[in-house]
Amino acid sequence: MQNARNIMQMCHGLVDLSKFEKTERENIYNPNGQLLGNFHVYFNGFDFIELYPHIEEMFYSGEYSTKTNNFENRILELSKSNYWIDVFELIDKRIGLTQYLARFDKIPDNQKYDAFIAIYQRSEFGFEILKNHYEKILSFAHFSRARTKRLLKLKKKTKNKPFKIHHGVSYNYPVYDYYSWTLKEVTASFFAFRYSSFGEILERKINVENAIDYLDDRNEEEILFLPPKILVDTILSQTIE
């Protein structure tokens, strides 16, 4: 299961750009084994392209230049105009979380949370880099009108009564996503034992007022919820680093 997880992370996970080696070509990097089957990547701060062998020469020859330049110009235009939610809806998910944290202070307060949700919902790995930032990011949730609408949907779904939420903990792999819960026990079980036989399903009963957000776009019925510190400490103390 560990090999399967490693392969999935190399194909779809967050990349650590600090470990990439810069080449002689502008914005071209050697990923030093972090990616599966790629020789180089193109990265200019926003645009991230994995240069598989069969497209690398075409990229250098300019066949991809128009498409790349159009994307880069669009991203730069959006960022300069302070449309950060749109930026993080477009940016590659493999660099999205790191670039969000890098630009956090530049993002207006009333966009910080929605910009986070834009990239968070597309990400599959790398949540451990957020472990020291969760509370700060989620503290801006009250600015989001979209979040208000989602919570009204949750209130209607639960008939404004206390309801159970579940969290799948995989102790073999530190994920630090203790704020991510779900209405579905089967979903929690999937994440607890997807790559590990050493896991657990936690359960809490909360009210709508305790939920930070309700995300159901991926059919996971995710509840963002900050559990008590004592529960967080218990989760982290049992996690294998």
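Let's start with a definition: a residue is buried when its relative accessible area is under 20%, exposed when that area is over 50%, and partly exposed in between, using a 1.4 Å probe and protein chains only. Helices (H or I, at least four residues) and strands (E, at least two) are DSSP runs, numbered from the N terminus.

A quick word on what you're looking at. This is a predicted model, where local features need pLDDT of at least 70, side-chain atom pairs count only at pLDDT 80 or more, and totals for chains, interfaces and linings use all residues. Residues are numbered from 1 along each chain as its sequence is written, and side-chain values use heavy atoms, with hydrogens and water left out.

First stop, helix H2, residues 53-61. Which residues of H2 are buried? They are Ile55, Glu56 and Phe59. Looking down the axis of H2, these buried residues fall within an arc of 120 degrees, so they line one face of the helix. That arc is taken from the directions between the helix axis and the C-beta atoms. Turned away from the buried side, H2 shows the exposed residues His54, Glu57 and Ser61. After H2 comes Gly62, with a positive phi near 105 degrees.

Now the sheet. Strands of a sheet pair through backbone hydrogen bonds, either parallel or antiparallel. Here, four strands form an open sheet in the order S1-S2-S3-S4, with antiparallel pairing; two strands pair if DSSP finds at least two bridges between them. Strands S1 (21-22) and S4 (48-51) are the edges, each pairing on one side only. Strand S2 (residues 28-30) and strand S3 (residues 40-43) are joined in the antiparallel sense by two bridges. Tyr29 has Val41 in S3 as its bridge partner. And H2 packs on this sheet, touching S2, S3 and S4, where contact means heavy atoms within 4.5 Å.

Last stop, helix H8, residues 145-157. Just after H8, Lys159 takes a positive phi of about 55 degrees.

Key
Axes are lines fitted to C-alpha atoms, for helices over the stretch in contact, and angles run from 0 to 180 degrees between N-to-C directions.
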